[in-house]
Amino acid sequence: MKPRISPPSSLSLTLSLACLLISAAAASAAFTIEPDLITFFADKGEKTAFVELVHTGGDPAAVQVGVFERKLDIDGALVKEGMIKSSDFLVHPAQVILYPKERANVQIQYKGKGRITTEKAYVLYSQEVPLNVEKEDKGDVSMSVGMLTNYYTVISLDVGKPGKLAFVSSKAIGDGKIEVLAENKGAGRVKMERIGLVVGGRAISNFTGKGNSIMPGQTRRFTFEWPRAVTAKEVKFVY
Amino acid sequence: MSINIERSESGVSAGVFAALAVSLFFVNAAYPLVNPYIDDIYGIDGIEVVAGKRPAAAAADEDAGSLSLIGTFKVYNPDTIPFYIWISFENGGKLTHLRDRDIREATTIRLVDMELRYLDALKRPVVKEFPDNNAPRVRGRLGWTSPPQSDSRRRFGRKKSHVDQSGEDAASSVRRRSRGAVEIVFWQEDVQAYYEMELWGVLYAPDLKKAVVAGNYVENIKFEIEPAAR
């Protein structure tokens with residue numbers, strides 16, 4: 001049942017026209033993080049990297065940095081809900097106040113134990129923390145909407161080995177489309193930048209599942225238009 | 001290289017340019033890419049509050065002017081890398097009353113009907129509505145009614161001011177996620193070096209007299225950026 005919205009009463013109309021402290025727009029803080037990808041060459045024994053937090057505009061920004069486990073769903077999208085903080089890294093400093101035009105280096109140190117034999121990825125989450133600056137109390141009402149910026153940066157532990165995609169299964173999913181599941185059975189990632197699908201000798205240009213690289217041991221779902229489910233012999237992954 | 005320099009002027013240019021091209025190629029290959037980042041964020045510090053039952057004109061939204069500009073920002077992507085941007089509320093859109101620095105009390109004032117507006121790569125206006133952020137429940141004579149659904153907004157002509165999303169490039173899509181976040185993917189041909197974006201919505205209080213006492217009312221909107229294909 002659709003709601004009926006009745007005309008406002010005179011009281012609510014009066015209130016609805018009340019303007020509360022319309023004032024000039026306020027600039028929020030803005031920052032960025034460089035680089036866009038942090039790579040530890042684990043096969044060469046690299047254990048330390050630096051990222052740079054850069055203030056790009058507005059007010060001072062309080063930024064909190066932490067490393068989390070990285071989980072991708074079957075379509076390759078980052079699972080943001082319930083990310084678990086990783087104990088494999090030390091971040092110093094973990095909190096930074098960035099003043100206008102300032103840059104700050106943050107050290108990321110890998111302290112995980114054991115030899116790394118397969119490529120692994122983590123998420124460096126840089127989160128702007130709201131600074132609740134108390135306004136002068138004049139007994140009036142002030143309403144404001146703050147804007148906060150956060151970044152997800154990938155940390156990669158590279159072992160210098162290639163990935164290897166293998167066909168797992170295929171089925172029809174309706175609307176003339178099928179899905180193909182593939183697993184990375186190699187020790188390195190399968191990069192999505194150059195991935196291609198060839199089915200029955202025909203190159204497929206429009207398919208889903210390209211969101212992020214496929215890490216070792218992960219399964220990825222590709223969907224595309226095709227009249228029927230396919231077999232392993234009919235599918236070729238190009239990367 | 002030195003042989004080229006001695007031989008002829010044209011040889012110098014060709015040799016030097018070749019060397020420069022090779023060195024630039026390797027510098028480029030080794031140089032880290034710059035993250036897409038947000039800058040020039042402006043939030044409106046005082047916003048008109050719509051109180052009581054929402055005015056029929058606002059609910060029907062026949063004129064898009066019933067929405068207020070909540071904030072503006074720019075997204076820079078100098079290396080034009082594909083990326084995701086998620087926009088969500090810190091407190092589900094409800095404003096908290098801030099007093100004595102750290103004490104935050106929940107209120108019934110909330111941001112509704114939020115939408116993000118920007119121009120796509122072909123300079124076509126695009127509107128992305130926040131999911132599950134429709135006009136709030138209103139109390140009818142027979143008790144609570146269900147919140148308006150998106151098709152009711154369409155019936156009221158809300159979509160008149162919107163771009164037809166069915167013709168949108170498949171590369172740029174919105175997927176709904178939990179907690180009312182809007183997700184936009186800027187992928188390959190849709191990715192640009194620069195975007196200007198605007199957030200529009202309604203600041204709504206069911207009962208302004210009861211809801212508002214002196215003080216600061218705050219809600220934060222989070223922008224989250226993740227480079228894609230990593």
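1. In this predicted model, A:His92 has A:Gln107 as its bridge partner, and that partner is found in strand β8 of chain A.

2. The pairing belongs to an open sheet of four strands in chain A, which follow the order β2-β4-β8-β6 with antiparallel pairing. At the edges of the sheet lie β2 (30-34) and β6 (89-92) of chain A, each of which pairs on one side only. From one strand to the next, the twist averages 25°.

3. In chain B, is B:Glu183 buried or exposed? B:Glu183 counts as buried because its relative accessibility is 0%, where the cut-off for buried is under 20%. The residue sits in strand β11 of chain B, which runs over residues 182-186. Its C-alpha atom is separated by 9.9 Å from that of B:Ile225, a residue 42 places apart from B:Glu183 along the chain.

4. Some caution about confidence is in order for chain B, whose mean pLDDT is 65, with 49% of its residues reaching 70 or more. Over residues 1-12 of chain B the pLDDT stays under 50, and the model has seven contacts beyond four places in sequence for this stretch.

5. For the model as a whole, the scores are ipTM 0.78 and pTM 0.74.

Definitions and conventions. Residues are numbered from 1 along each chain as its sequence is written. Chains are lettered from A and ligands numbered from 1 in the order in which they are written. This is a predicted model: local features need pLDDT of at least 70, side-chain atom pairs count only at pLDDT 80 or more; totals for chains, interfaces and linings use all residues. Side-chain values use heavy atoms; hydrogens and water are left out. Helices (H or I, at least four residues) and strands (E, at least two) are DSSP runs, numbered from the N terminus. Buried means under 20% relative accessible area, exposed over 50%, partly exposed in between (1.4 Å probe, protein chains only). pLDDT is the predictor's confidence in each residue, from 0 to 100. Contact means heavy atoms within 4.5 Å. Two strands pair if DSSP finds at least two bridges between them. Axes are lines fitted to C-alpha atoms, for helices over the stretch in contact, and angles run from 0 to 180 degrees between N-to-C directions.
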